[in-house]
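The sequence and the structure are shown first, and the description follows.

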Amino acid sequence: MLANTEVLEVLEQAEKLGKMIKESEDYEIYTNHKNQLYNDPEANRLMTDFQQMKEDYEDVQRFGRYHPDYSKIMKEIRQLKRELDLHETVASYKQTETQLQMLLDDVSEIVAKSISPNIKAPRDGVALKDTGDGCGCGSGGQCGCQAS
């Protein structure tokens with residue numbers, strides 16, 4: 001695609017829109033909660049523990065139910081995921097992250113629909129969501145942790 005004046009103008013306007021979003025109240029709230037999250041030692045410990053547990057989980061997944069620690073690891077990762085999700089700082093951050101994502105999705109949808117009703121607009125941060133792709137722990141994949 002050759003960059004012509006119209007394309008450059010559209011890209012410039014997109015940059016301006018991005019700056020406007022970064023000046024919004026939703027973005028300010030999001031960044032405040034993000035800073036609180038990364039400055040909360042307990043939340044950081046839980047996130048680190050969960051990352052380590054995910055490594056054990058991935059090891060167990062290679063063997064499935066035949067792995068000697070399958071039940072133990074599955075139970076522990078569900079408990080840790082629940083503890084992480086219920087931690088006040090983590091929950092607040094996730095809530096504001098979702099709010100900001102909804103704003104971005106709304107903007108994308110408005111732009112797409114103003115061009116054509118047939119254009120797919122991203123929702124939940126994904127343009128063409130494919131369910132059940134096994135993409136990993138807690139993200140709608142096959143591990144089942146999100147069910148806790």
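Of the 148 residues in the chain, 24% are buried in this predicted model. The accessible surface of the chain amounts to about 10,700 Å², and carbon and sulfur atoms account for 52% of that surface.

The chain contains five helices and zero strands. Read from the N terminus, its elements follow the order α-α-α-α-α. When contacts between residues at least 6 apart in sequence are considered, 52% join residues at least 24 apart.

Two surface patches may be described in turn. One is a patch of negative charge, in which Glu55, Asp56, Glu58 and Asp69 gather. Within this group, Asp69 is placed in the loop that lies between helix 3 (41-63) and helix 4 (70-86). The other patch is nonpolar and consists of Val111, Ile115 and Ile119; together these residues have about 260 Å² of accessible area. Ile119 belongs to the segment after helix 5 (88-115).

| Residue | Relative accessible area | Class |
|---|---|---|
| Asp69 | 35% | partly exposed |
| Ile119 | 33% | partly exposed |

Technical notes. Residues numbered from 1 in each chain as written. Predicted model: local features only at pLDDT ≥ 70, side-chain atom pairs only at ≥ 80, totals over all residues. Heavy atoms only, no water. Patch = residues over 30% accessible without salt bridge, like charges linked within 9 Å, V, L, I, M, F, W, Y side chains within 5 Å. Areas by Shrake-Rupley, 256 points an atom, 1.4 Å probe, with all protein chains shown as cover. Salt bridge = Lys/Arg side-chain N within 4 Å of Asp/Glu carboxyl O. Lys, Arg positive; Asp, Glu negative; His and termini not counted. Charge placed at Lys NZ, Arg CZ, Asp CG, Glu CD. Helix = DSSP H or I, 4+ residues; strand = E, 2+ residues; numbered from the N terminus. Buried < 20%, exposed > 50% of the residue type's maximum accessible area, 1.4 Å probe, protein only. Contact = heavy atoms within 4.5 Å.
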